[in-house]
Amino acid sequence: MAYSDKVMEHFTNPRNMGEIDNPSGVGTVGNAQCGDIMRVYFDIDDEGIIRDVKFKTFGCAAAVATSSMATELVKGKSIQDALKVTNAAVCEALDGLPPIKVHCSLLAEEAIHAALWDYAEKNGIVIEGLEKPKTDIHEDDEDSEEY
């Protein structure tokens with residue numbers, strides 16, 4: 001199984017790894033079948049801009065790389081722009097993933113949504129277009145066949 005240079009770069013030198021103290025929102029998503037767990041922390045300002053984002057991931061190279069890339073794609077963006085970051089966008093930014101690893105990009109997308117959901121709940125707001133996220137992603141979901 002061959003990973004792109006970008007996947008290897010984000011795996012060996014992950015961006016935004018760590019935790020945020022007193023985060024605005026935290027999202028945790030896992031895949032029970034492969035054992036990957038991804039947690040994303042957001043610091044969102046009063047204008048709804050993601051000032052900072054950190055992640056902690058337990059998983060394979062693709063899980064770490066997709067976490068790293070997903071945080072890069074949402075950092076400095078508005079909540080609505082972050083909501084538009086899809087697993088396909090994460091895959092594309094990494095120059096693709098092997099088909100057996102595409103589910104890792106789904107974890108990244110769902111972790112972003114979970115952190116936004118947590119933020120919305122903490123602040124008593126509704127984020128238009130945000131649905132309650134899954135906490136467990138299964139590789140056999142139809143979603144993973146899209147990309």
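Visitor: Before we start, when do two strands pair?
Guide: Two strands pair if DSSP finds at least two bridges between them. The model here is predicted.

Visitor: Fine. Which residue stands opposite Tyr41?
Guide: Lys54, in strand 3, is opposite Tyr41.

Visitor: In what sense do strand 2 and strand 3 pair, and over how many bridges?
Guide: Antiparallel, over 8 bridges, with strand 2 covering residues 37-44 and strand 3 covering residues 50-58.

Visitor: How many residues lie between them?
Guide: There are 5 residues between strand 2 and strand 3, which form a hairpin. Gly48 sits in the turn and has a positive phi of about 80°.

Visitor: And the sheet, what's the strand order?
Guide: The order is 1-2-3, in an open sheet of 3 strands with antiparallel pairing. Strand 1 (25-30) and strand 3 are the edge strands, each pairing on one side only. On average, neighbouring strands are turned by 15° against each other, direction ignored.

Visitor: Switching to helices. Which strands does helix 5 touch?
Guide: Helix 5 (residues 102-123) packs on the sheet and touches strand 1 and strand 2. The direction of helix 5 makes about 145° with that of strand 1.

Visitor: Where does helix 2 lie?
Guide: Across strand 2 and strand 3. Helix 2 spans residues 61-74 and runs at about 175° to strand 3.

Terms used. Residues are numbered from 1 along each chain as its sequence is written. This is a predicted model: local features need pLDDT of at least 70, side-chain atom pairs count only at pLDDT 80 or more; totals for chains, interfaces and linings use all residues. Side-chain values use heavy atoms; hydrogens and water are left out. Helices (H or I, at least four residues) and strands (E, at least two) are DSSP runs, numbered from the N terminus. Axes are lines fitted to C-alpha atoms, for helices over the stretch in contact, and angles run from 0 to 180 degrees between N-to-C directions. Contact means heavy atoms within 4.5 Å.
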